[in-house]
Amino acid sequence: MNMKKAATLALGILTSVGGFFDVGNIATSTQAGAVYRLQLLWPLVFGTVLMIFLVEMSGRFAAATRQALPDAIRTHLGFTAWLFPFIILSLVHFLVLGAEIGGICFALHLITGLPVPFWALPVSVLLWLFLWRSTFGAIENSSSLLGLITLAFVVAAWKHHPPVGQILAGVVPTLPHHDPTRYWFMAVSLIGAAITPYVFYFYSSGAVEDEWDESYVGVNRAVSVIGMGFGSVIALAAIVVSAVVLAPRGIQVDDYHQAALVLTEAFPFWGFVLFAAAMGIACLGAAVEVSLSMAYTTAQTFGWNWGENLDPREDARFSLTYTGAILASALLILFGVDPLKLTLLTMAVNAAVLPFIAIPFLLLMNDRKLLGEHANGWLSNTVTVVTLALALVLAVVSIPLMIVGGS
Amino acid sequence: MAMKALKDLTDDLELARDVLDKQVVDRDEIKMGRVDGLVLELRDGKPPRIDSIEMGGVVLAERIHPRLARWVDGWRRRLKVRKTAVYRVPWSAVQEITPYHIKVDVAALETPAFDWERWLRDHVIAHIPAAAKGGAQE
């Protein structure tokens with residue numbers, strides 16, 4: 001494996017830190033651990049398996065065809081077929097970006113004590129400036145390095161000597177002892193947090209930016225397993241820590257302040273700051289990704305010039321798309337939408353809309369005229385179709401129940 | 001007509017699969033839009049042939065619903081950035097069709113396809129300081 005291919009592991013880590021472990025995982029994992037202890041590890045494992053398959057497919061597609069997904073879907077399925085998934089995907093981008101910006105603002109609120117909406121504008125200006133000035137490589141490298149701080153959750157989980165037997169038991173789905181509606185809704189949110197649909201669209205554009213070709217098919221497999229596995233272990237650790245620290249004290253995560261307590265036992269002095277730093281960085285990495293993803297998708301849909309390595313003067317529409325996206329999503333936080341509620345809603349929406357966004361992608365993956373020997377085999381097809389169907393059933397059943405029961 | 005036949009394209013060109021919706025690039029391979037529509041020329045006693053490719057938001061909207069097309073065109077007139085609703089490139093200007101793009105022998109910057117790109121660059125990007133990727137370009 002040469003240096004460039006080794007370096008592409010960075011893309012995997014960036015994608016996992018930004019796309020996998022983000023505000024959605026912090027919210028859903030800490031809440032699930034606090035209420036159901038170790039019983040809800042299985043949705044995360046389930047979501048991770050599906051995510052590994054989806055990301056692997058997306059990278060394989062980009063390596064084999066040198067095309068990013070939105071680009072190829074518009075070309076092969078046509079504008080009218082792509083329009084509806086594109087609109088849904090844009091809505092997902094908008095909500096997720098709002099949740100991530102909310103996460104960064106909340107992390108700053110924890111450290112400074114200043115109210116969350118106060119940070120909305122400074123954070124979006126900073127985020128925008130970073131995208132405006134950086135190249136794709138610089139973004140990849142800085143996010144992967146800084147993202148390592150989220151390993152604090154794993155270290156904390158380790159320090160608490162969690163019961164291994166119960167952890168293994170939690171990987172197997174079981175029926176809830178209490179509050180079944182909440183249980184299933186939480187399971188859906190955990191799945192939605194694991195499979196944020198924009199991620200595999202972003203990943204293919206990233207692979208095109210990194211100029212992957214067919215020789216990357218093998219590396220891509222490793223990247224998706226290691227990258228998504230890395231993100232998933234952190235999210236699992238967050239459930240464990242929350243189950244050990246919050247659940248025995250009867251602390252339920254109704255807002256992020258309670259979530260912020262999870263690291264204080266393992267790191268008495270630094271726990272609070274560490275949580276804030278991990279949350280801020282994970283959300284920043286994700287916010288960068290979502291903004292870019294929005295711009296990639298829009299530019300490819302309409303055929304505009306695009307690329308994060310180009311000067312904004314060369315791709316004005318691309319650059320102004322992420323600028324507009326950041327502004328629109330920041331308004332949610334500026335006008336005082338609660339970041340935790342926004343996140344939980346967004347994660348459930350993610351799980352519900354997943355089939356609409358994944359089906360055009362699955363169709364392309366089976367196009368042998370396009371992919372030749374790299375088209376999907378029976379394993380990828382079976383796993384994705386079955387898990388997508390399960391995720392859809394869970395979402396369709398539990399979200400209305402939660403809305404009816406929760407009011 | 002100078003056109004390369006490519007490995008993934010057989011002798012038959014499937015218009016809907018291989019041409020419609022494909023990325024269009026100019027002679028310098030700058031991405032300038034997509035094939036939003038195709039125009040056929042009907043000829044007496046002879047089979048129809050492709051006359052030109054069309055680009056423009058109004059063409060796209062027309063594919064969804066005529067009313068949407070009128071609405072989009074109304075905005076185009078009001079905003080006065082894009083001069084013509086439909087930009088047509090004659091089929092004779094097509095230089096190359098690959099699995100990735102259709103290359104046409106024009107300069108994107110001077111075409112209506114770049115009206116918005118040009119306007120945004122001159123009226124928005126130009127007023128934002130620090131628009132250069134600070135020396136990071138290799």
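Residues are numbered from 1 along each chain as its sequence is written, and chains are lettered from A, and ligands numbered from 1, in the order in which they are written. Because the model is predicted, local features need pLDDT of at least 70 and side-chain atom pairs count only at pLDDT 80 or more, while totals for chains, interfaces and linings use all residues.

**View 1. Chain A as a whole.**
Chain A has 18 helices and zero strands. Helices (H or I, at least four residues) and strands (E, at least two) are DSSP runs, numbered from the N terminus. The radius of gyration of chain A is 20 Å, close to the 22 Å that the globule rule gives for 407 residues, so chain A is as compact as a globular protein of that length. That radius is taken over C-alpha atoms, and the globule rule is 2.2 Å times the number of residues to the power 0.38. Along its principal axes, the C-alpha trace of chain A spans about 55 × 45 × 45 Å. Of the 407 residues in chain A, 58% are buried. A residue is buried if 20 or more other C-beta atoms lie within 10 Å of its own, exposed if 12 or fewer, and partly exposed in between; C-beta atoms are placed from the backbone. Among contacts in chain A with a separation of 6 or more, 87% join residues 24 or more positions apart. Two residues are in contact if their C-beta atoms, placed from the backbone, lie within 7 Å.

**View 2. The largest nonpolar core.**
This core holds 162 residues. A nonpolar core is a set of buried Ala, Val, Leu, Ile, Met, Phe, Trp, Tyr and Cys residues joined through C-beta atoms within 7 Å. Val188(A), Ile191(A), Ile239(A), Val241(A) and Ala287(A) touch the most other members. Helix α14 (residues 271-302) of chain A gives the largest share of the core, 19 residues. Leaving out residues up to four places away in sequence, Ile239(A) touches Ser29(A), Ala32(A), Gly33(A), Leu38(A), Leu40(A), Leu41(A) and Leu44(A).

**View 3. Two crossing helices, α10 and α16 of chain A.**
The axes of α10 (residues 180-194) and α16 (residues 339-365) of chain A come within 7 Å and cross at roughly 80 degrees. Axes are lines fitted to C-alpha atoms, for helices over the stretch in contact, and angles run from 0 to 180 degrees between N-to-C directions. From α10(A), the contact takes Phe185(A), Val188(A), Ser189(A), Ile191(A), Gly192(A) and Ala193(A). From α16(A) come Leu344(A), Met347(A), Ala348(A), Asn350(A) and Ala351(A). By class, the contact has eight nonpolar, three polar and no charged residues. Ala, Val, Leu, Ile, Met, Phe, Trp, Tyr, Cys and Pro count as nonpolar, Asp, Glu, Lys and Arg as charged, and the others, Gly among them, as polar.

**View 4. The loop between α11 and α12 of chain A.**
Trp212(A) lies in the loop between α11 (198-209) and α12 of chain A. Trp212(A) is buried, with 24 other C-beta atoms within 10 Å. Beyond its neighbours within four places in sequence, Trp212(A) is in contact with Ala62(A), Ala63(A) and Ala207(A). Trp212(A) and Thr65(A) are 147 residues apart in sequence and 9.4 Å apart in space, C-alpha to C-alpha. Glu211(A) is placed in the loop between α11 and α12 too. Glu211(A) counts as exposed, with 10 C-beta neighbours inside 10 Å. Phi of Glu211(A) is near 55 degrees, a positive value in a residue other than glycine.

**View 5. Where chain A touches chain B.**
The contact takes 25 residues from chain A and 25 residues from chain B. On the chain A side, the elements that give two or more residues are α4 (69-77), α5 (79-112), α6 (116-133) and α15 (316-334). By class, that side has ten nonpolar, eight polar and seven charged residues.

Chain B has four helices and seven strands. From the N terminus on, its elements run α-β-β-β-β-α-α-β-β-β-α. Of the 138 residues of chain B, 27% count as buried. Asp21(B) lies in the loop between α1 (15-19) and β1 (23-25). Asp21(B) counts as buried, with 26 C-beta neighbours inside 10 Å. Phi of Asp21(B) is near 75 degrees, a positive value in a residue other than glycine.
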